Amino acid sequence: MQSMSRKAMARLLPSMFLCSSAVFLTQPAQAYPGGGGAFNGKGFDTCAAPSTSQMQAWWTNTPWSWVGVYIGGAVRGCSQPNLTASWMNTTYSQGWRHTLIWVGPQAPCSTYATRISYDSATAYQQGKDEAVKAYNALIALGFTNNAAGTPVVYDMEGYGSNATCKAAVKQFMQGWVDQLAVAPAQVSGVYGSACNSNLSDLATMARPPKFIWAANWDGNTSTSTLSCVSGTSWSSHQRLKQYQGDHNETYGGVTINIDSNCANGPLAPSGGLNSASVCN
Amino acid sequence: MSFRSCFTLSAVSIALLALSGAAQAAPGVRACAAADVKVTAGQAGAWRGQATQEIRIANTGLEACHLPGFPTVQLQPTNEAPQTVGASEQAPELQSTRLELAPGEEIVVLLGTPGTCEAANRPERKVSKRLQLALPGGGLKTVDGVHVDTLCGRATVMRFERVQSEANARAVAMKVGGAVSQLTGSISAPDEASRGGLLRYTVTLSNPTASPVSLSACPSYTQSVWADGKSSDTTLRLNCAAAGGQIPANGSVSFDMQLAVPAELAAGNGKLSWKLEGGPGVGKMIGLR
């Protein structure tokens, strides 16, 4: 991190002080607001939700503004003992925005423990079923307003170029998109390898996902540059990019193994556009 | 109510105690043996292009023990010879990463195999549903109910790390911050602020417990704003007198704050952070004009 040293900044700010007034309140516990908005900025994802104290250490004076959270699904890679409605509320209060990730059945031509059917009607229904499960997970995590407008991403890991397999995945993703469009609608997204998850196929769906999150570990933060995805697809604040994978970073004495990401697309619970962002 | 008296610390930061769930075992902690731990199958999933299988190792003994690297794992497929799981090319250091486990703590070993290959277009699979762990202190543990498919390549260890449990973190926070660690916080701040100007915002501390939380040992707080690699930090004393020296049971107290936003910060998205010593932290994205 390239932070100016604390002492140096202290010299710049010799007159900083606090005067506080205190007001006594009784108020209900905070809940995580449903909804989302387009955001420009950096985020990270990690397999299991860190503790809230670790998240606090990673909020203060770091480049990260949002975190990818694996909320569930039959093939979520890691257990999530820390992920609760309280964790969502606390990290939201700390300032974090979130990307909610669902990891259900994977391509039929893969070795994952749970897979999509090759049968197109079954695959479509599986996609719808996963959308319902993801919605239920959001509600269980305390999202208000029935999680309306909340972006939620389906994690479709890379699976290659077999035509029959691609067709099944496409049917599945159509089910995902269609079910999330049912009121109270969420904003459908798909995460995957920019090339190996065949994200470009999804642009030709009858009703494509509203946004994509492409894994493209080229070190380039710009979401405009994605391998295997046309520049004209998902081009209106509809892209997240995982530009660096599998590495450790340390902030505030806390080391976490992360993937680095940039957003130029929807996050929960709200947006914040920045025309000068390196993520554009 | 407003209060004129402000308790100001010098504008250099106070190093707050790092909250860490990682208990540091004393030197000479013995290697974990099978009798010390409970080993269970966790999630079988998908991550970073690999088909994954968690193995969770919990210290159920009364003393700390250690693992000098990930333990030897042997897959036991039904119709083939046992296969030993190796280190991954991406994380060879895990083979010699020493982890110490206090009683009750847990370690996760994440195995991965390639999730796709040409052979996966056919229905045949090479799944192991059982594996065996050799503990460095002696003894074996057999784990049933795993799903490790080696059709597309050998299994490797992708992660080997201590579980950063929220419960442990809260216990540590309670030790450091006392009852203040049980407070929750929220922030009300404008969406935008001027560089070189004064940002006024409100922090509300809430006490969700049935007992008042005393502020008699008045904590400090640190506030900062960060943008594009530069930040400003100040640590000050909370105006506890204004709060009557406590946060009432099931009640909240709001504190008005102000922060001089350095003119030197870059325009665009900035991160506002406020952290109470031993207590909650709150923050917000602020557009810096």
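This is a predicted model: local features need pLDDT of at least 70, side-chain atom pairs count only at pLDDT 80 or more; totals for chains, interfaces and linings use all residues.
Visitor: How many residues of α2(A) are buried?
Guide: Eight of the eight are buried, so α2(A) is largely enclosed by the rest of the structure. A residue is buried if 20 or more other C-beta atoms lie within 10 Å of its own, exposed if 12 or fewer, and partly exposed in between, with C-beta atoms placed from the backbone. Among the buried residues of α2(A) are Met55(A), Trp58(A) and Trp59(A).

Visitor: And α3(A), is that mostly covered or mostly open?
Guide: Helix α3 (residues 85-94) of chain A is mostly covered, with seven of its ten residues buried. They include Trp87(A), Met88(A) and Tyr92(A).

Visitor: What covers them?
Guide: The cover includes α2 (52-59) of chain A, and also α1 (166-177), β12 (184-188) and β21 (281-288) of chain B. Contact here means that the C-beta atoms of two residues, placed from the backbone, lie within 7 Å. Just after α3(A), Gly95(A) has a positive phi of about 125 degrees.

Visitor: What about chain A as a whole?
Guide: Chain A has six helices and nine strands. It has 280 residues, of which 58% count as buried.

Visitor: At what angle do α4(A) and α5(A) pack?
Guide: Helix α4 (residues 120-140) and helix α5 (residues 163-180), both of chain A, pack at about 40 degrees, and their axes are 7 Å apart. That makes α4(A) oblique to α5(A). Angles under 35 degrees count as roughly parallel, over 145 as roughly antiparallel, 65 to 115 as roughly perpendicular and the rest as oblique. Axes are lines fitted to C-alpha atoms, for helices over the stretch in contact, and angles run from 0 to 180 degrees between N-to-C directions.

Visitor: Which residues meet there?
Guide: Among them, Tyr124(A) and Val132(A) belong to α4(A), while Phe172(A) and Trp176(A) belong to α5(A).

Visitor: Moving to chain B, what is the strand order in the open sheet?
Guide: The five strands run β1-β2-β8-β11-β6 in chain B, with mixed pairing. Its edge strands are β1 (37-47) and β6 (86-87), each pairing on one side only. Two strands pair if DSSP finds at least two bridges between them. Strands β8 (residues 106-114) and β11 (residues 156-162) of chain B are antiparallel over six bridges. Gly112(B) stands opposite Thr156(B) in β11(B).

Visitor: Is Ala51(B) buried or exposed?
Guide: Ala51(B) is buried, with 32 other C-beta atoms within 10 Å. This residue is in strand β2 (residues 50-59) of chain B. Leaving aside residues up to four places away in sequence, Ala51(B) touches residues including Tyr112(A) and Gly112(B).

Visitor: Where does Leu135(B) sit?
Guide: Leu135(B) is in the loop between β9 (127-134) and β10 (140-149) of chain B. With 21 C-beta neighbours inside 10 Å, Leu135(B) counts as buried. The C-alpha atoms of Leu135(B) and Val37(B) are separated by 9.1 Å, although the two residues are 98 residues apart along the chain.

Conventions: Residues are numbered from 1 along each chain as its sequence is written. Chains are lettered from A and ligands numbered from 1 in the order in which they are written. Helices (H or I, at least four residues) and strands (E, at least two) are DSSP runs, numbered from the N terminus.
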